[in-house]
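These notebook entries record what I looked up in the structure. I took domains, chain contacts and helix packing in turn.

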Amino acid sequence: MHQHSPMKILAPAAAIPKISRRALLGGFAVAGASLALTGCGKEKGFAASALPNGQLGRQLNVYSWGDYEDPDNISDFQDSTGVRVQLDSFGSNEELIAKLAATRGTSGYDIVVPTGLYIPQMVANSLLQPLDHSRMPNMANLDPTYTNQVWDPGNKHSIPKAWGTTGYVYDTNVIKDELASWQDFMTAAETTASGKTAVLEDSWEVVAIYLAAHNIDMNSTDPAALDAAEEYLVGTLAKNIRAFNSNVATSGIPQGTFALMQAFNGDARQGMLTASDPERWKFVFPTPTANLWMDNWSLAAGAQHPDAAYAFINHMMTPEAALREVEYIGYHTGIKELKEAALANEMELPELVFPPQDVLDRMQAAVLNDGQERRVQILNRMQAKAGA
Amino acid sequence: MRKISRRGAGVAALSFPSWAYLVFFFIIPVGLVLWYSFGYKPDLFTAHSNATLSLDRYFEAMDPTFLSTFINTLQIAGLGTLICLLIGIPFAYWMAVKVPAKWRGLLVALVLVPFWTNFLVRTLGWQIMLAPEGFVSEALQNIGLIGGPIEILYTRAAVQLGVVYNYLPLMILPLFVSLDRAGVSLREASADLGANRVRTMLQVTLPLAAPGIISGCLLVFIPLMGDYITASVLGGAQGNMVGQLVANQFNSAQNWALGSAMAVMLMVFILLTVAIVGAVYLIVRAILRFNRRVLIEEPAS
Amino acid sequence: MSASVLRDPAEDQSAAQALVPVPRHNKRRDPVAVAMTVFGVLVFCFLFLPILVIFIYSFNTGRLLAAWEGFGFDAYINAAANQVIRGSVMTSLQAALGTAVLSTILGTMGGLALARATYKAKWAAILTGLLALTLVTPEIVDAISILPWFVSLGTDFGFTPINNGMVRLVVAHTVMSIAVVTFIVRARMQGTDMTLEEAAADLYATPWNRFFQITLPIAAPGILAGALMSFTLSLDNTTVSSFVQVPGNTPWPVYIFSSLKVSLRPEIAAVSTIMLLLTLVALAVVALVLRRFGESSTDIAKTIAGA
């Protein structure tokens, strides 16, 4: 370090700034601190949503699950309207809600895809906008079986996008037994597939594995049941898990990274269609019961491109688009007579998309209740334990 | 005296924009994190509230399950730094000393190339290589080195490998710079005085390179403790590190208070480790110096 | 390399041999040197292997990046045709440029101030400590702290420019790289002599003239190196960007990161290869410029690494 001797210059004294630097610094600190403190106490408002004005605009931002839209449908929409669609993805409803709640309307997303059961709470917390049905005439194509659900009567905040169920898929090269129930899943995870198992990143789904296997109501809020679930899941199952990923089947199956994956039926189908040896993989609709869920199109609060959003959702409800969707994502999109059209079109692996009636009958829909926070905690602990 | 302070005032004025920027966009946000860590999560949908202040979040963060992640991270970071050091020193020595001067610039540039490649992309390269059904796995199986597909991906070993790889250039560069400075003449002098190469290395070169070793270790250890990307790409569930834990609290669990507490704990862990290692180093150095004192006798007058 | 001074080497050697037996190594085949060279080459292979893999897999015609199907340029063509990918690359470049400009301005001023500061000036120590703190803080802590602050500024305080994605990226990236630029410029300026500035002042040069005609040219290599560092750091930044980004202005690494959990396509490898080449070209240009300023290559490395 070179030490300088004090500089002696012949410059006039007026060249030296007069402000005392300490005063200025102090001023900054005070200003900053007061800003911060007022920020803490202020009312947490939301950014305003743009109103539809008939102009489609150039951009649309969609926040959806991974690989959940047929790319051909997207490019079709882009070509016909000139709107550039940016598709970002999240891995769990918690992530979606966290993003929307944290950004309070400035997330930049227009369309979001929440699962049905979360919608009432999202609406109560002003995360979603009400929908203007007059801008989506293709709603007439929706099958009434899927509209007007208990969590959104009258479809005020959501349009059905896809419904499906949860099960698991396994590699028959590694697991030689025939698996059929959730108990089989747990046993396999602890033995033959230990260290090569993946579960969903969804707290409800993971806890449901234990509850369903023990014939307890999957929506239970009984603290004793949840305690038992935590003890097993964190204490025994967690260390065998290699990944928590809601979309693992789409790439996990072709790459063979896991032997046992809890997966949604459509994702497993996508993975099997991409794999070079699909016969090696088996998807199971587990007994005694499983989740029957529905994902929906919704408009986020603070959306800046509402016209494009309505146009997009409307576009996805045409029969042609719906057919392409079901063939790509592997889920029924709620359009009338879609199953017949898909079967007539010789869709691959239809048994994964349209489970038999007896399977459908034993499914149960998830409900968001007081036990949710506990479930989230259990998942967090599992994730921490798995890495230990 | 007056002249010095006047000059000081003129010079300090230049730094005001930096001050303002740092205060506004670094001090305040990080201060907010500290503030949040004393709060709590009121209900499922609200991220945070500071209505009641308490240290409960810290106790929650010290919960055995989370604490094991902290310990895990410390292990990965410590081992990673050590491995980087063990690889880095011989390599930097080779580059600074053994390689002819005209190649040195080129070699430095070659080391900088991975440094300038996107961190995430480099890690993806490893994800491809470590895939159980990838080419490396197939090749090793064909040669017969291993019995089945490699099962490293999504385990702690993969994360360990990944972090060593990603942070190695950060270790090599300061080492190279300080070894380069350490000077040929001193090593020669040591050889002239009869020291063999090992002794020269231990008693001359390494101590002179100490500043480089220290800065290399710091440059590797500190970001490594907070690493988020390598663990996400290569770690799966089992490579869980604190960075992911914190991100998780903000990204899905939406528990800002707990996440902030964990973030503060992370900083504390880092500072503590650095302080402890620093203290140990200073003590060891003092002992060594004491043992190596050479008493120069007074010349007989 | 021994530097021979004014003495006869032969005389030296025999004298040394007579006094103290020094182990002589055959300079031509020194096993240790050979071993070290082999080790060095191995380490280089290790460093370049994943980059090579990405480069090769960018020619994968398959649908998934990691599953090799065939050789072809499909990925490059698809990447060029994909609007979202093009958009994110543009965003990354624009944000990097903005960051380079902002952090160079702030960092140069700060670096000059620190270099010229009186020894043991308190404000200098605090500023240095503050900058060091930004370097020491893990990126994840920065990320989780700056997003709520941005949101607060945008919604609670009505400071709407902060809701713009590009603004958020530039501001956040600058926080990370301001320390690097400052330290590089400071290191560069500390080695130089103040007498040039004093001479200029004695010759009645105004402070502005002094700055532009003396100080800046001297600091130029450091400023250039700092600008390059902040450009690359911004291009590379993933964690903070993934938290603060607004869709429509998604930087390239965040695009990759969010594809991670879904499925990685060969387009990612293709674009990454191109970005790497771009960075290398920028590096080469800067190195050339620095070389013209009279720096040796090791000095350049030291300037960049010595931060």
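Entry 1, domains of chain A. The domain bounds I use come from an automatic or database domain assignment. I note that the model is predicted. For chain A, the assignment gives domain 1 as 59-163 + 294-355 and domain 2 as 164-291 + 364-386. I looked up the separation of the two domains of chain A: their C-alpha centres lie 25 Å apart. Their contact draws 19 residues from domain 1 of chain A and 21 residues from domain 2 of chain A. On the domain 1 side, the elements that give two or more residues are β5 (159-171) and α13 (350-353) of chain A. By class, I find 11 nonpolar, 5 polar and 3 charged residues on that side.

Entry 2, chains B and C. I recorded a contact made by 74 residues from chain B and 73 residues from chain C. Helix α2 (residues 16-36) of chain B supplies the largest share of the chain B side, 12 residues. The chain B side divides into 53 nonpolar, 15 polar and 6 charged residues.

How do helix α4 (residues 83-116) and helix α9 (residues 207-236) of chain C pack, and at what angle? I find an angle of about 140°, with the axes 8 Å apart. α4(C) is therefore oblique to α9(C), and their crossing is right-handed. Among the residues that meet, I listed Ala96(C), Ser103(C) and Gly107(C) from α4(C), and Ala219(C), Gly226(C) and Phe231(C) from α9(C). The contact of these helices has 9 nonpolar, 10 polar and no charged residues.

How values were computed:
Residues are numbered from 1 along each chain as its sequence is written. Chains are lettered from A and ligands numbered from 1 in the order in which they are written. This is a predicted model: local features need pLDDT of at least 70, side-chain atom pairs count only at pLDDT 80 or more; totals for chains, interfaces and linings use all residues. Two residues are in contact if their C-beta atoms, placed from the backbone, lie within 7 Å. Helices (H or I, at least four residues) and strands (E, at least two) are DSSP runs, numbered from the N terminus. Ala, Val, Leu, Ile, Met, Phe, Trp, Tyr, Cys and Pro count as nonpolar, Asp, Glu, Lys and Arg as charged, and the others, Gly among them, as polar. Axes are lines fitted to C-alpha atoms, for helices over the stretch in contact, and angles run from 0 to 180 degrees between N-to-C directions. Angles under 35 degrees count as roughly parallel, over 145 as roughly antiparallel, 65 to 115 as roughly perpendicular and the rest as oblique. A crossing is left-handed if the near helix is turned anticlockwise from the far one by less than a right angle, and right-handed if clockwise.
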